[in-house]
Amino acid sequence: MKSDNPEPSGSAHALQILFLTVFIDMVGFGIVVPVLPLYTERFGASPFTIGTLLAVYSGMGFLFSPLVGILSDRFGRKSILLLSTVGQAAGFFIMGAANTLVWLFIARTIDGIFGANVSATQAYVADVTPESGRSKGMGLLGAAFGLGFICGPLLGGVLSQMSLSTPFYFAGALAAANAVLIWLVLPESLSKATRIHRQGEPLLTVFQQGRGSTVGPLLTAYFFMMFGFALMTAFFAIFTEDRFGFGATQNGYVFAGIGVIAVIIQARLIGPLLSRFTEKRLALAGAAILACSLFALPLVQSIGALAVACGGIAAGNSLINPTVSGLASRSVNAFWQGRVMGLLQASASMGRCLGPIAGGWLLTLNSKHTPDFGKAPFWTGSALLIVSFLLMTGIPVRREPWIEEAAR
């Protein structure tokens with residue numbers, strides 16, 4: 001398969017630069033993960049309010065990810081990534097300066113709108129990698145996410161010792177620096193000819209061409225995966241605070257450990273695994289591991305057991321994301337990469353939006369400081385992963401010659 005990059009020889013270099021920009025982006029995002037729930041409690045927010053605040057970010061992702069995908073197909077990846085990074089910087093600065101819940105909601109809305117750029121980064125990877133190596137390329141992108149989650153939460157935990165608002169200012173400064181990096185050194189991956197080829201065609205046409213019929217079931221399965229996963233991530237810090245007395249610093253260490261496992265799997269193991277198993281089988285394995293780990297999480301009573309459960313969560317999620325992205329990318333031709341990745345991220349964002357809202361209510365069903373605390377949201381998440389597993393079993397994995405022919 002030929003690359004759509006007008007300079008194929010520079011594909012590896014472009015991917016390295018993208019890796020760096022995604023890493024910096026995720027460091028900024030990871031900084032706030034262990035801090036935001038505790039930061040929100042400072043304003044007297046209830047669990048439901050915290051869940052709603054966390055859901056705003058993903059709700060904006062649901063609304064804007066398809067638009068970002070369309071715009072990146074039309075105007076190129078670089079300009080969209082640059083604009084989104086500048087917007088993220090503004091959102092982080094507002095969050096750090098917030099003195100009321102209203103301003104926190106405004107900041108998260110801005111951050112969610114401009115943070116809906118994952119579809120553009122995934123489309124960039126699709127532009128510069130051959131179809132046969134698409135999931136491996138997505139794995140490298142996932143490794144950048146994981147590496148960011150090693151450094152980000154650690155920095156967030158350390159910076160929070162100065163004040164709970166310091167991590168947000170630092171994340172804003174990182175996003176601003178990342179915008180400069182993108183502007184100066186990131187090459188455009190999409191040729192002008194490819195950009196104009198599909199202009200004017202509606203988004204939903206993606207379901208009607210090639211293996212587009214596969215996209216719908218894949219989006220549905222991914223939605224349930226992310227819904228179940230978000231039920232855990234939104235309230236993990238509150239759970240560990242209640243069960244083990246963890247603060248932002250300790251949770252930062254936990255998230256960093258999860259990031260280490262994600263990097264190892266997605267940077268080193270995905271390629272060899274794909275040479276032996278199909279993307280579908282790896283995605284199914286990831287869903288099964290994640291379902292079991294979520295079920296076990298509220299049962300842990302020791303730090304060692306928590307580490308095992310978190311290891312399973314990291315492994316399951318790391319197997320799911322690159323393989324599902326690879327399956328989606330290979331379902332459509334080169335002219336639709338931004339659109340299909342936008343739809344995939346929209347389904348994930350909807351799951352991440354509903355997860356904190358539902359989790360905020362479910363968390364109230366279990367009393368704090370009891371062995372049952374966390375069971376309702378985490379076990380519901382496990383059940384949703386089982387639904388996703390069942391949906392994934394019906395998704396075909398055969399290759400069809402039209403994809404390679406259309407990309408030549």
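**Cysteines, core and confidence**

Analyst: Counting a disulfide as a pair of cysteine sulfur atoms within 2.5 Å, the total comes to zero disulfides. This is a predicted model, in which local features need pLDDT of at least 70 and side-chain atom pairs count only at pLDDT 80 or more, while totals for chains, interfaces and linings use all residues. Residues are numbered from 1 along each chain as its sequence is written, and side-chain values use heavy atoms, with hydrogens and water left out.

User: Is Cys292 buried or exposed? And what about Cys353, buried or exposed?

Analyst: Cys292 is exposed, at 56% relative accessibility, whereas Cys353 is buried, with a relative accessible area of 14%. Here buried means under 20% relative accessible area, exposed over 50%, and partly exposed in between, using a 1.4 Å probe and protein chains only.

User: OK, switching to the core: how many residues has the largest nonpolar one?

Analyst: It has 91 residues, and those with the most contacts inside it are Leu18, Met225, Leu297 and Met392. The largest share of this core, 11 residues, comes from helix H1, residues 11-32. Such a core is a set of buried Ala, Val, Leu, Ile, Met, Phe, Trp, Tyr and Cys residues joined through side-chain atoms within 4.5 Å, and helices are DSSP runs of H or I with at least four residues, numbered from the N terminus.

User: What does Leu18 touch?

Analyst: Setting aside residues up to four places away in sequence, Leu18 touches Leu81, Thr121, Tyr124, Val125, Leu141 and Leu186, where contact means heavy atoms within 4.5 Å.

User: And where is Ile150?

Analyst: Ile150 lies in helix H7, residues 134-159, and is buried at 16% relative accessible area. Beyond its neighbours within four places in sequence, Ile150 contacts Ala256, Gly259, Val260 and Val263, and its C-alpha atom is separated by 8.0 Å from that of Gly30, 120 residues apart along the chain.

User: Last one: what pLDDT does the chain average?

Analyst: The chain averages a pLDDT of 80, and 86% of the residues score at least 70, pLDDT being the predictor's confidence in each residue, from 0 to 100. Over residues 1-9 pLDDT stays under 50, and over residues 399-408 it is below 50 as well. Where pLDDT is low, the predicted coordinates should not be read in detail.

Conventions:
Helix = DSSP H or I, 4+ residues; strand = E, 2+ residues; numbered from the N terminus.
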